[in-house]
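Please take me through this model stop by stop. At each stop, tell me what to select and what is found there.

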Amino acid sequence: MNLNSPLLEIEDKSRVFHYEDRYLLESGEDLAGFQIAYTIYGNPEALDSHVIWINHALTGNADVHEWWSGLVGEDKFYDPKQYKIICTNLLGSCYGSTNPLSSNPETGKPYFYQFPQLTTRDMAGALEKLREHLGVEHIHTLVGGSLGGQVALEWTYQLGSRLDYSIIIAANAKSTPWIRGFNEAQRMAIQADCTWGEEIAEAGKSGLRAARAIGMLTYRHPDTFQQSQDDMEEKLDNYKVSSYLQYQGKKLADRFHALSYWVLTKAMDSHDLGRGRGGTERALQGIKAKMLTVGIDTDQLFRKEESQYISENCLDGKYSEISSSYGHDAFLIEYEQLHYILKSFYLYTENGK
Ligand SMILES: CC(=O)SCCNC(=O)CCNC(=O)[C@H](O)C(C)(C)COP(=O)(O)OP(=O)(O)OC[C@H]1O[C@@H](n2cnc3c(N)ncnc32)[C@H](O)[C@@H]1OP(=O)(O)O
Ligand SMILES: N[C@@H](CCO)C(=O)O
């Protein structure tokens, strides 16, 4: 098959996978089945050796060619003419996968606050169920950033030799007290919303605005704000950065649910590749895939040393760095550097691209 044929039909399909059995979670609780929304972008006939699986970050969705448009798309680095590109909406998120607003099959009503705790391991396990359902025997590359990187690392461990390349960007092997602290502060903002506790879809919406504003401070860097949010005129109130954070808070609260935000930040807190596996170093040594970790020099949330730690402890690990004034979110923005880093990695490992 000529994967580069101009006649090749490129499918861009959003689908939903239904897992009907009981899904046991790390907490000991379970879900009475779940669904995962996913997109397959590219050649549906592509061989398993051409499957690229990409995870989104905290508030992303399955439409990877939209939120990572600089890297995924026709004539981009991950080109659907060449690859079968799969992206899911992670379990717990509100873009089509089972989340706290989904109907609980056992009660016929939304879970709301009864939704069980998820861990990154549970989220990776759900991806594994989808892989089995799709009959994908082998994955060429698994990529993820931030929360998506944590889930990707968990799944990398579980996939063993079914995976060739794992690319973990701005993430870590175990959540730090710093990350958990910021997540707790954001959940406190949600809890302070007087609608929190009500069984309505909009519960915690104002709190979510404040939570996103706190989050933005960790996704950017002081230099980003100095460059774009400094006030030129002398003033005593109504600063530019205030309007920026208000805007960002509203923008997220208008497209996301506080209940999902709660569950996903809790999952991020739970992340620990080494739990029950003799610690992170031992778990990392058990990874079979060729590993690239990418740190960001200005990341204040997931420090670059946490990415370095992963590659240093894997049997076949390489580290690269994005230099950016943008901070943590640089992995969603600095396409040119990512292109160079990815290309170098595949060339370095010889058998890849
Ligand atoms: C359905 C979905 O949308 S989900 C999929 C998309 N989202 C994801 O995948 C999540 C990951 N993506 C992201 O987090 C972001 O999109 C990023 C990091 C890639 C880019 O962040 P942005 O918010 O676009 O960039 P930035 O921080 O520069 O802010 C720019 C926005 O703030 C506005 N803004 C900038 N300064 C100010 C200010 N002082 N006051 C008010 N608004 C301001 C800009 O007008 C712009 O608005 P817009 O988003 O409506 O165009
Ligand atoms: N900006 C990212 C969060 C951190 O990766 C998102 O909204 O998904």
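**A tour by selection**

Start with Glu-137, which counts as partly exposed because its relative accessibility is 48%; here buried means under 20% relative accessible area, exposed over 50%, and partly exposed in between, with a 1.4 Å probe and protein chains only. The model is a predicted one, in which local features need pLDDT of at least 70, side-chain atom pairs count only at pLDDT 80 or more, and totals for chains, interfaces and linings use all residues. Residues are numbered from 1 along each chain as its sequence is written, chains are lettered from A and ligands numbered from 1 in the order in which they are written, and side-chain values use heavy atoms, with hydrogens and water left out.

**Salt bridges**

Arg-162 and Glu-137 form a salt bridge, with 3.0 Å between the closest N and O atoms; the term stands for a side-chain nitrogen of Lys or Arg within 4 Å of a carboxyl oxygen of Asp or Glu. The two residues are 25 apart and link distant parts of the chain: Arg-162 sits in the loop between α3 (147–159) and β10 (163–169), Glu-137 in the loop between α2 (120–134) and β9 (139–145). Helices (H or I, at least four residues) and strands (E, at least two) are DSSP runs, numbered from the N terminus. Arg-162 is partly exposed, at a relative accessible area of 31%.

Next, select Arg-277 and Glu-154. Their closest N and O atoms are 3.0 Å apart, and the two form a salt bridge. Arg-277 is in the loop between α8 (258–270) and α9 (280–285) and Glu-154 is in helix α3, so this pair ties together parts that lie 123 residues apart in sequence. Arg-277 and Glu-154 are both buried.

For another pair, select Glu-202 and Lys-205, a salt bridge whose closest N and O atoms are 3.6 Å apart. Glu-202 is partly exposed, with 45% relative accessible area, and Lys-205 is partly exposed as well, with 26%. Then widen the selection to Glu-26, Arg-121, Glu-154, Arg-275 and Arg-277, which salt bridges with shared partners join into one network. By the rule given above, the count is 20 salt bridges.

**Helix α4**

Select residues 177–191, which make up helix α4. Its 15 residues should span 21 Å at 1.5 Å a residue, and the end C-alpha atoms are 20 Å apart, which agrees; the expected span is 1.5 Å times one less than the number of residues.

Which residues of α4 are buried? They are Ile-179, Asn-183, Gln-186, Arg-187, Ala-189 and Ile-190. Viewed down the axis of α4, the buried residues fall within an arc of 150 degrees, so they line one face of the helix; the arc is taken from the directions from the helix axis to the C-beta atoms. An α-helix has 3.6 residues a turn, so residues three or four places apart point the same way. Pro-177 and Trp-178, on the other side of α4, are exposed. Show α5 (205–219), α8 and α10 (304–313) too: the buried residues of α4 pack against them, with contact meaning heavy atoms within 4.5 Å.

**The UniProt annotations**

Select residues 53–333, where UniProt places the feature "domain: AB hydrolase-1" (unreviewed entry). UniProt positions are given in the numbering used here, feature names are shortened, and annotations may be inferred rather than shown by experiment. The end C-alpha atoms of this span are 19 Å apart, and the span is 40% helix and 14% strand.

Within it, select Arg-212 and Asp-329, which UniProt lists for "binding site" (unreviewed entry). They span 118 residues in sequence, yet no two of their C-alpha atoms are more than 13.4 Å apart, so they gather at one spot.

Arg-212 is found in helix α5 and is buried, with a relative accessible area of 11%. Leaving out residues up to four places away in sequence, Arg-212 touches Thr-59, Tyr-219, Gln-248, Gly-249, Leu-252, Arg-255 and Tyr-261.

Asp-329 lies in the loop between β12 (317–322) and α11 (335–348) and counts as buried at 12% relative accessibility. Apart from neighbours within four places in sequence, Asp-329 is in contact with Tyr-219 and Arg-220.

**Last stop: Gly-317**

Select Gly-317 in strand β12. Gly-317 is partly exposed, with a relative accessible area of 31%. Neighbours within four places in sequence aside, Gly-317 is in contact with Met-291 and Ser-311.
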